[in-house]
Amino acid sequence: MPRGRKKADDVAEQAKARAVRRRLSSKRKEMSADEVKALADNILGRVYEALGVDLLGLRPEDIRDLVLDAVTGLAEGRVTKLTEEAALKRIVASKDGLLKAIAAKLLSERKVDSVERLQFVISYLPDVAGRAAPELYQLARRLGAQDVIDTLRQLWAQYGRPTPIACPRCGFLAVTPELTCMVCGAELSEAEIKRSLNFPKVIEDLASRLHPRLIEEILAAGYVVVDGDIEPPSMAFQGFKVILHLNREEREVLRKALQARQAQGGAAGQGV
Ligand SMILES: [Zn+2]
């Protein structure tokens, strides 16, 4: 083949390839931002109805930006043009995603201000609600929503920062080593915590079950450690701990138990 001819063929081939690329790219042309926005606005009312968020006291314009985000996501990288019907269908089919986004928006904008919205956030974002329990608890109390408080208590234990000690006032596992409650904010006394733990019974249990050496240790230290269980200082788990000092009566119970056990041990020793 003559050289000139081959060159002409190449040029023709390249032109053809360019034309194909142009056709493809015009087919793949993404919607403009304005087109996406118009489509989102056109389906906003129908998305709003399908979600049922009127029950939360929300208006269509409250979810406009989230619907636009969803439509933008659907329009990206499409080969064919996105139609209103297709967008609506896709959004409604995966509406939980949008409902979660609405719950997150309500939380971040501090617009959780009714029992309905509280329940909504708890059902769609239980983990986030668990971590936000201190804030949501105050709100639930103001709204008198006891069932919401019960649910929050569980979510805090599951997703929040639970401690081994339940607060005597709010019941959340939220008492810190400084004896404050992370959820209701109570500043607690050792006496109040002891009452909630039924401390006289606890002391009796310790007196009957601990090795005399450990009872001696508690008496020498003058306190027990609460780390989930109630233990002598040397037995406590090395992380979280609350210290409860023993009063005279409590020390007396332990001392008597120790004397009784030592007398028993002595008698047994003499018998051998
Ligand atoms: Zn509390």
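Predicted model: local features only at pLDDT ≥ 70, side-chain atom pairs only at ≥ 80, totals over all residues.
The largest nonpolar core has 59 residues. Val121, Ala133, Leu136, Leu152 and Val183 make the most contacts inside this core. Helix H2, spanning residues 33-51, supplies the largest share of the core, 6 residues.

Take Ala133, one of the residues with the most contacts inside the core. Neighbours within four places in sequence are set aside here. Ala133 is then in contact with Leu152, Leu155, Trp156, Gly160, Phe172 and Val183. Leu152 and Val183 also belong to the group with the most contacts inside the core.

Now the chain as a whole. Its 272 residues include 25% that are buried. The secondary structure comprises 13 helices and 3 strands.

The strands come next. They form an open sheet in the order S2-S1-S3, and the pairing is antiparallel. Strand S2 (230-231) and strand S3 (242-245) stand at the edges. Each has a single partner strand, so one side of each lacks a neighbour in the sheet. Strand S1 covers residues 223-226. S1 and S2 run antiparallel and are joined by 2 bridges. Within this pair, Val225 has Glu231 of S2 as its bridge partner.

Methods
Residues numbered from 1 in each chain as written. Helix = DSSP H or I, 4+ residues; strand = E, 2+ residues; numbered from the N terminus. Buried ≥ 20, exposed ≤ 12 C-beta atoms within 10 Å, placed from the backbone. Pairing = 2+ DSSP bridges. Core = buried A, V, L, I, M, F, W, Y, C linked by C-beta atoms within 7 Å. Contact = placed C-beta atoms within 7 Å.
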